[in-house]
Amino acid sequence: MRIRLDLSGMMRRAVPTGATPEGLGALAPQAAAAHQGLLADAKRGVLGFRELEAQRAERERVKAWAAAAAGTHEDVVVLGIGGSALGALALRTALLPRDWNARSSARRDGRPRFHVLDNVDPRSVRDLLDGVELARTRFLVVSKSGSTAETMAQYVAARSRLTAARLDLSRHLAFVTDPAKGALRRIAAEEGIPAFEIPPNVGGRFSVLSPVGTLPAALLGLDVDALVAGAAAMRDRCASPELRKNPALAFATLQWRAQQEAGQGAHVLMPYSDALRDLAPWFVQLWAESLGKRTPAGAHVGPTPIAAVGATDQHAQVQLFMEGPVDKTVTFIDVEEFEGGEYPIPADAPPELAYLGGRGFGELLRTECRATAGALARAGRPTMTLRVERADAWHLGGLFMFFELATIYAGHLYGVDPLDQPGVELGKQLTYCHFGHPEWRQMQAVWDALPPSDPDWVL
Ligand code: PA5
């Protein structure tokens with residue numbers, strides 16, 4: 001396995017609030033119980049994201065369809081939000097060059113440009129729809145429920161443009177949704193739109209290894225098999241109830257312990273890699289929406305995840321991490337080899353900058369990662385480091401699976417269901433009601449009783 005988790009910076013030897021070996025030993029039964037909980041969940045069939053083999057047939061269908069579609073579209077646009085968008089963004093940023101969309105078709109090897117419209121800001125919607133050539137565009141409408149207002153509004157807007165341009169919808173749309181439920185499934189059947197399945201037991205934020213991620217990846221010519229193989233290898237590696245043999249369990253347990261025992265509930269993920277910078281917001285959504293909950297006993301629990309990127313955030317958030325409240329853990333991702341190799345800093349640097357000359361940008365970035373971890377430890381701030389050989393499809397798959405498993409373990413440790421998100425429902429229902437959705441008329445009274453803006457307090 002070419003992903004290693006270095007926990008040294010979470011231990012008492014490194015920082016005063018860290019865990020002692022005895023303390024970790026005392027947590028072993030809870031960690032083992034979390035692992036048993038995950039196995040029981042798996043037995044109940046609710047952890048579909050681990051069932052990579054069961055998804056093989058649909059994955060092959062995705063790959064075959066994408067291969068047949070090669071060269072037919074200049075732009076591929078994901079319409080989706082939350083777990084239906086963030087994984088595709090992380091994949092794109094990790095596995096495609098930064099200037100991908102600015103490249104000529106030849107420099108993209110005929111592969112499409114790629115866009116993710118994950119909001120309903122009118123400017124973004126207009127810019128996107130005005131900016132693509134509709135006749136050469138495929139919209140991927142991604143929604144597990146097939147009913148999310150933001151995604152459905154985007155879909156209606158795209159569909160309307162396609163219809164006005166007299167384009168065949170089945171050639172310019174594809175859906176990724178539940179196999180049976182929701183509006184998209186019905187529309188796909190009625191209108192002959194290609195539709196791919198998110199297994200019923202795979203929730204939005206756990207869906208990146210389903211067609212939610214693999215369809216965009218396949219259309220972009222990325223290595224879907226390597227992505228899934230990396231994920232499977234990580235899943236198989238995290239099969240032990242023992243902390244020392246299961247990195248996802250160790251990550252979850254130490255994060256949870258940091259909050260329980262040291263009040264460190266802010267969990268920063270800081271890749272020192274531009275390729276992995278969008279993995280951090282993906283993790284933030286996964287950790288926040290899964291774990292920020294009310295327990296059955298009525299306690300409000302959960303960590304507050306924070307996304308950062310090194311070295312950029314050394315000039316933004318690291319001051320806070322170093323000298324602000326001791327309420328955070330920082331997890332670094334240290335990438336050993338960079339896509340395209342090292343880029344040298346030329347030796348002919350001016351005398352004041354001679355210390356840089358002849359070194360490498362990758363060397364500088366990795367040194368800064370080690371230096372920041374060391375500085376935080378010196379300041380008594382707990383850290384962990386995920387060492388990753390390179391940010392390719394295989395390792396990215398491994399990282400996705402690592403964090404997804406850790407989230408399930410953390411759910412058991414915090415005593416919450418990591419697979420639901422009841423806290424987001426009220427806001428959704430009020431929006432539906434205000435828009436006149438027939439199923440949510442009864443929320444009008446709640447809407448009317450919302451605290452009004454008080455003119456005395458509007459400055
Ligand atoms: O993780 C989740 O379940 C959510 O963030 C969903 O992904 C998000 O709400 C979008 O839902 P859907 O895919 O049903 O449109």
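Buried area is the accessible area (1.4 Å probe) that two parts lose on being put together, summed over both. The model here is predicted: local features need pLDDT of at least 70, side-chain atom pairs count only at pLDDT 80 or more, and totals for chains, interfaces and linings use all residues. Residues are numbered from 1 along each chain as its sequence is written, and side-chain values use heavy atoms, without hydrogens and water.

**Exercise 1.** Describe the interface between domain 1 and domain 2.

Solution. 
- An automatic or database domain assignment supplies them. Domain 1 is 3-41 + 228-414, domain 2 is 71-220 and domain 3 is 425-457.
- Count the residues in contact (heavy atoms within 4.5 Å). Domain 1 gives 23 residues and domain 2 gives 17 residues.
- The C-alpha centres of domain 1 and domain 2 are 30 Å apart.
- Take the area. About 1600 Å² is buried between the two domains, and carbon and sulfur atoms give 67% of this.

**Exercise 2.** Find the salt bridges and polar contacts between domain 1 and domain 2.

Solution. 
- Apply the salt-bridge rule: a side-chain nitrogen of Lys or Arg within 4 Å of a carboxyl oxygen of Asp or Glu. The count between the domains is three.
- Check a pair. Glu289 and Arg205 form a salt bridge through their side chains, at 3.7 Å, N to O.
- Apply the polar-contact rule: a pair of N or O atoms within 3.5 Å; within protein, one must be able to donate a hydrogen and the other to accept it, and residues adjacent in sequence count only if both atoms are side-chain atoms. Five residue pairs, both at pLDDT 80 or more, qualify across this interface.

**Exercise 3.** Locate the residues that come nearest to the ligand.

Solution. 
- Use the cut-off: a residue is near if one of its heavy atoms lies within 4 Å. Of the 13 residues around the ligand, Ser84, Ser143, Ser145, Thr148 and Gln285 come nearest.
- Read the side chains. An N or O atom of the Ser84 side chain is 2.6 Å from a ligand oxygen. For Ser143, a polar side-chain atom lies 2.6 Å from an oxygen atom of the ligand.
- Read the backbone. A backbone N or O atom of Arg205 is 2.9 Å from a ligand oxygen.

**Exercise 4.** Identify the cis peptide bond.

Solution. 
- Inspect omega. The bond joining Gly310 and Ala311 is cis, with omega about 5°.
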